[in-house]
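Subject: Structure handover

Hello,

Here is the structure I promised to pass on. Please open it first, then read my notes below.

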Amino acid sequence: MPPFSTILHLDLDCFYAQVERERLRLPSSAALVVIQWSMALAVTYPARALGIKRGMHLDEIRRRADPSVTIVHVETIGGSHSDTTATIAPDAPNTQKVSLARYRTASARVFEAMNAVLARCGAVLERASIDEAYIDVTLEADRRARGGRELTEMKGMVIVGDKVDMGNASDLRLMHGAAIAAELRQRVLRDCRYTVSAGVSVNKLLAKFASARNKPDGQTVVPMVAVEALISDVPLRKLRGLGGKLGREVEEMGVITAGEARKLSLEELERRVGNKFGRFVYDSVRGVDDSEVRERDKTKSLLAAKSFPKAMTLEPVERKWFPILAEELAERVGVESELHNREARTLVVSFRVRHTGGAREMVSGSRSAEMPLGGVEGRAEAILRVGMAVLRKVMKEEKQYGFPINFVGLTGTNFLDRANANESISRYFTAGEGKREDEEKEGGKLVRDSLEEHQRRLQESKDREMALRLHREESLRSLGKVIQKPGAKQGGKKKRDAGGLATLDRFVFGKKGNKS
Ligand code: CTP
Ligand code: CA
Ligand code: CA
């Protein structure tokens with residue numbers, strides 16, 4: 001078994017912007033900006049050349065844009081901008097809701113194209129977000145290397161440090177991994193007309209770091225020898241998991257860069273931040289990441305939600321917002337059913353209101369009901385009917401709640417896999433009303449408070465990652481080798497630039513970010 005893995009990270013270039021560019025049938029050279037309300041959400045590279053950046057305000061964009069620049073609003077539902085074919089951005093008041101349907105569909109097509117290539121290699125793809133994935137290609141790269149497969153020129157290829165040692169098995173595999181990356185990028189370009197950038201290295205962190213270095217339409221190989229120089233000057237706080245409190249605590253020990261942090265002994269670190277985190281920091285600054293590429297954990301719930309900075313009365317909630325949310329959830333439950341062959345059984349209606357008992361504080365809560373079955377349209381209607389009945393009842397009957405409300409969310413959860421179909425499942429699908437006891441219990445305890453629940457879930461996914469890494473470090477240590485990793489991904493900075501551009505997607509993919 002090869003001692004070092006060959007890992008790819010693929011990330012679509014300016015993803016939403018490419019989707020809109022293709023939808024509007026513009027050439028690949030088009031300067032295009034996707035805005036959400038009045039802020040840039042995604043910017044094509046020709047538009048970036050004009051100084052337009054993600055997070056930039058529409059006024060500023062207009063100042064910089066010449067007439068050749070297309071400004072398009074992100075897809076919305078439930079408002080006049082639902083079909084944004086206009087090339088002029090509306091100074092959109094915050095009265096619609098953003099829809100990610102278009103980008104999700106595009107994303108599904110991209111991963112389908114990649115999977116078509118991977119099927120031949122027997123490799124699995126881990127979707128890390130709407131526009132990126134990790135792939136462990138160690139075995140296929142090894143097969144190719146051993147078989148003496150010839151390497152041809154690859155488009156947009158950069159090797160950090162400018163040299164690989166073809167006599168070194170790990171480096172040789174990296175080059176064959178790069179060839180696979182090139183095939184994947186080529187296939188996506190052919191099938192979807194989107195460009196993808198790729199990173200190729202020995203672990204996930206390095207691969208992710210690499211994919212951002214040579215955008216757009218590039219691919220970057222980070223061989224082992226280049227790692228140390230590559231990450232030494234990277235600020236410690238940019239390493240994955242070190243952006244927050246933990247990183248600050250280490251900084252207080254008088255180090256700024258990963259290189260400086262490497263001078264700290266394991267004992268010193270453990271004394272400062274505890275054993276668990278000390279080890280994590282120690283590994284991180286050395287570029288060690290032994291986390292496995294695995295199929296993405298299937299999401300535990302699907303959420304369609306809307307918050308109202310100005311509290312909303314019953315009438316607009318019922319007439320406008322609830323139908324929009326019901327339709328969004330119905331669509332996503334349907335997609336989940338098709339893509340992952342599983343059904344959400346519970347519908348959770350969550351809400352937040354100002355305490356009506358005279359107190360100032362906000363109170364939130366949720367109630368569950370059985371998820372209606374049916375096609376998208378029928379289900380949307382049924383969700384509207386059932387959900388609205390639940391909401392009306394709670395608001396009316398429980399004295400701490402009442403309209404107007406500040407938040408409403410619809411969650412589909414309590415999934416049942418159709419793949420492992422057995423008797424009890426078919427009973428569920430056919431009988432419907434004959435609910436089993438455990439099902440009841442599960443549904444009841446699922447989401448007591450949707451807001452808190454989602455926050456908790458975000459934290460949990462971070463903890464899981466940490467736990468996994470800590471667990472794997474054992475095997476790594478026994479290897480006795482130091483694998484280097486950076487992890488200072490450019491993406492981190494860009495995310496922050498985007499400020500308040502939060503999307504529901506974070507909930508689906510468990511990504512860190514602002515909540516809408
Ligand atoms: N996105 C978002 N909100 C954010 C960050 C990203 O809605 N806070 C969307 C963007 O519009 C983007 C997609 O998610 O198109 C993927 O994000 P990312 O890969 O970070 O950026 P890209 O726009 O794809 O640009 P790059 O070429 O740098 O990858
Ligand atoms: Ca991207
Ligand atoms: Ca991305």
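Which residues are the protein donors of the calcium ion (ligand 3)? They are Asp 11 (OD), Asp 131 (OD) and Glu 132 (OE), at 2.3 to 2.5 Å from the ion. Donors here are N, O and S atoms within 2.8 Å of the metal, or 3.2 Å for Na, K and Ca; water is not among the atoms, so sites may look incomplete. Along the chain, the donors of ligand 3 follow the spacing D-x119-D-E. Asp 11 sits in strand S1 (residues 7-12) and Glu 132 in strand S8 (residues 132-136), so the pair ties together parts that are 121 residues apart in sequence.

Some ground rules. This is a predicted model, where local features need pLDDT of at least 70 and side-chain atom pairs count only at pLDDT 80 or more, while totals for chains, interfaces and linings use all residues. Residues are numbered from 1 along each chain as its sequence is written, chains are lettered from A and ligands numbered from 1 in the order in which they are written, and side-chain values use heavy atoms, with hydrogens and water left out.

The six-stranded sheet

S1 and S8 belong to an open sheet of six strands, ordered S7-S8-S1-S10-S11-S9, with mixed pairing. Strands are DSSP runs of E, at least two residues; helices are runs of H or I, at least four; both are numbered from the N terminus. Two strands pair if DSSP finds at least two bridges between them. Strand S7 (125-129) and strand S9 (157-159) are the edges, each pairing on one side only. From one strand to the next, the twist averages 20°.

S9 runs parallel to strand S11 (residues 219-221), joined by three bridges. Val 158 stands opposite Thr 220 in S11.

Two helices go with this sheet. H6 lies across S1, S8, S9, strand S10 (196-201) and S11, at about 165° to S10. Helix H7 (residues 204-211) packs on the sheet as well, touching S1, S7, S8, S10 and S11; its direction makes about 140° with that of S10. Angles run from 0 to 180 degrees between N-to-C directions, and axes are lines fitted to C-alpha atoms, for helices over the stretch in contact. Contact means heavy atoms within 4.5 Å.

The three-stranded sheet

A second open sheet has the order S3-S2-S4, again with mixed pairing. Its edges are strand S3 (39-43) and strand S4 (70-73). Neighbouring strands are turned by 35° against each other on average, direction ignored. Strand S2 (residues 32-36) and S3 run antiparallel, joined by four bridges. Val 33 stands opposite Val 43 in S3. Helix H1 (residues 15-23) packs on this sheet and touches S2, S3 and S4.

Helix pairs

H1 also packs against helix H4 (residues 101-118), at about 95° and with the axes 10 Å apart. That makes H1 roughly perpendicular to H4. (Under 35 degrees counts as roughly parallel, over 145 as roughly antiparallel, 65 to 115 as roughly perpendicular and the rest as oblique.) Residues in the contact include Phe 15 and Tyr 16 of H1 and Tyr 103 and Ala 106 of H4.

Helix H5 (residues 138-146) meets helix H6 (residues 169-192) at about 110°, with axes 8 Å apart. H5 and H6 are therefore roughly perpendicular to each other. Among the contact residues are Arg 144 of H5 and His 176 of H6.

Helix H11 (residues 266-273) and helix H12 (residues 275-284) cross at roughly 135°, their axes coming within 7 Å. That makes H11 oblique to H12. The contact includes Leu 269 of H11 and Phe 277 of H12.

Backbone points

Most residues other than glycine have a negative phi, and most peptide bonds are trans.

- Lys 215 and Pro 216 are joined by a cis peptide bond, omega about -5°. Pro 216 lies in the loop between H7 and S11.
- The bond from Phe 403 to Pro 404 is cis, with omega near 0°. Pro 404 is in the loop between helix H14 (376-397) and strand S15 (405-417).
- Arg 25 has a positive phi, near 55°. Arg 25 lies in the loop between H1 and S2.

Best wishes
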